[in-house]
Amino acid sequence: METNNNINSLNKNEREIDIGELFNVLWIGKWMIIAITTSFSIFAILYSLSLPNIYQSKAILSAVESSGGNGLSQAMKSYGGLASLAGVNLSSSDSGSNSSKAIEKIKTLSFFEKNILPNIFLPDLMAVDYWDASNNKLEYNRDVFNEDTQSWTGYSGHNKNKIPSPQESFNAFGGHLQIIKDVDTSFITVAIKHKSPFVAKAWTELVVNQLNNFFREKDKKDAEAAMNYLNIQMSQTSFAEIKLVIAQLLQQKMQQLTLIEAGEFYVFDYIDPPAVMETKSEPVRSLICIIGAFLGGILGCLVVIVRYYFFDKKVK
């Protein structure tokens with residue numbers, strides 16, 4: 001029994017790595033570690049310098065409060081029972097404010113395809129190589145888009161005409177767009193990243209304007225349809241009380257239409273509008289260089305340790 005314990009103790013000691021020996025091994029192989037670390041650092045520096053600058057423009061938004069919908073809902077609650085006697089359905093369901101729906105709408109393919117895609121220059125999204133700051137000019141990858149002939153030359157996507165499809169463009173645009181909602185303040189931040197700070201600002205404004213226009217037109221169309229319906233119902237009923245109810249609802253709808261047309265901002269208003277940023281948001285070249293040097297150091301240590309314990313030590 002004692003012999004077995006001694007054997008187990010010897011095996012355990014053999015498996016344990018002497019810390020002093022480990023440091024000595026690393027010190028002996030320091031030049032290899034330095035060489036590998038230096039190589040990785042140089043590669044990281046060259047890689048970081050090859051990356052184009054990315055600029056981010058962002059807008060901080062607040063939801064526009066509207067009393068039109070609230071007044072209409074109160075009127076429906078007040079007169080809904082009386083109107084139902086004449087077969088007029090005035091029930092309404094609140095599926096959420098336009099601001100909440102707008103946050104989800106901006107993430108949809110339909111919104112991008114109908115509201116964003118027709119208002120941007122597609123090569124700015126799919127074929128930009130870099131931004132020439134001295135001339136404020138975007139340079140395009142000629143293997144993808146020929147600026148001289150305004151034609152797509154080598155785009156390899158799902159579209160057989162070599163033109164990016166709406167879905168491919170939508171996926172690419174999603175990589176530029178960022179939406180953040182502050183839980184405490186309910187403020188919404190819409191941010192766009194691009195190689196050109198001017199394009200980033202323009203696209204941020206475009207997103208906000210198109211959201212406002214989309215819901216403005218939608219609510220305007222719904223209000224006009226409701227007024228047409230109410231006018232028809234008024235012409236078909238002979239009850240004075242019902243006509244009074246319908247007149248009240250028509251007045252509410254007219255007020256709603258006035259609010260829709262009057263305001264410059266319908267869903268979102270600016271707390272802080274987007275700007276052309278002078279400083280880049282990425283890449284963080286110093287961080288890339290630090291990570292490269294760190295990885296190089298780790299790899300250098302591993303190479304030295306593996307070489308000693310699995311090769312040199314066995315030879316000895």
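A salt bridge here is a side-chain nitrogen of Lys or Arg within 4 Å of a carboxyl oxygen of Asp or Glu. By that rule the structure holds seven of them, and Lys107 makes one with Glu104, with 3.8 Å between the closest N and O atoms. Keep in mind that this is a predicted model, where local features need pLDDT of at least 70, side-chain atom pairs count only at pLDDT 80 or more, and totals for chains, interfaces and linings use all residues. Residues are numbered from 1 along each chain as its sequence is written, and side-chain values use heavy atoms, with hydrogens and water left out.

**Salt bridges**

- Both ends of the Lys107 pair have the same label: Lys107 is partly exposed at 47% relative accessibility, and Glu104 is partly exposed at 47% too. (Buried means under 20% relative accessible area, exposed over 50%, and partly exposed in between, with a 1.4 Å probe and protein chains only.)
- Glu282 and Lys193 meet through their side chains at 2.7 Å, N to O. Glu282 sits in the loop between E8 and H11 and Lys193 in strand E7, so this bridge ties together parts that are 89 residues apart in sequence. (Helices, H or I with at least four residues, and strands, E with at least two, are DSSP runs numbered from the N terminus.)
- Glu282 is partly exposed at 30%, and Lys193 is partly exposed at 26%.
- Lys137 pairs with Glu147, the closest N and O atoms being 3.2 Å apart. Since Lys137 is in strand E3 and Glu147 in the loop between E4 and E5, the pair ties together parts ten residues apart in sequence.
- Lys137 comes out partly exposed at 33%, as does Glu147 at 29%.

- Pro283 belongs to the loop between strand E8 (268-272) and H11.
- Asn136 is not a glycine, but its phi is positive, near 50°. You'll find Asn136 in the loop between strand E2 (128-132) and strand E3 (137-140), partly exposed at 40%.
- Gln150, also not a glycine, has a positive phi of about 55°. Its loop runs between strand E4 (145-146) and strand E5 (151-152), and Gln150 is partly exposed at 46%.

**Nonpolar surface patch**

- Ten names make up a nonpolar patch on the surface: Phe40, Val284, Leu287, Ile291, Phe294, Leu295, Ile298, Leu299, Leu302 and Val303, with about 850 Å² of accessible area together. (Patch members have over 30% relative accessible area and no salt bridge; like charges are joined within 9 Å, and nonpolar side chains, meaning Val, Leu, Ile, Met, Phe, Trp and Tyr, within 5 Å. Areas come from the Shrake-Rupley method with a 1.4 Å probe, and for residues only the protein chains shown count as cover.)
- Helix H11 (residues 285-315) gives the largest share, eight residues. Leu299 is in this helix and is partly exposed at 34%.

**Inside the fold**

- Phe173, in helix H8 (residues 166-176), is buried at 5% relative accessible area.
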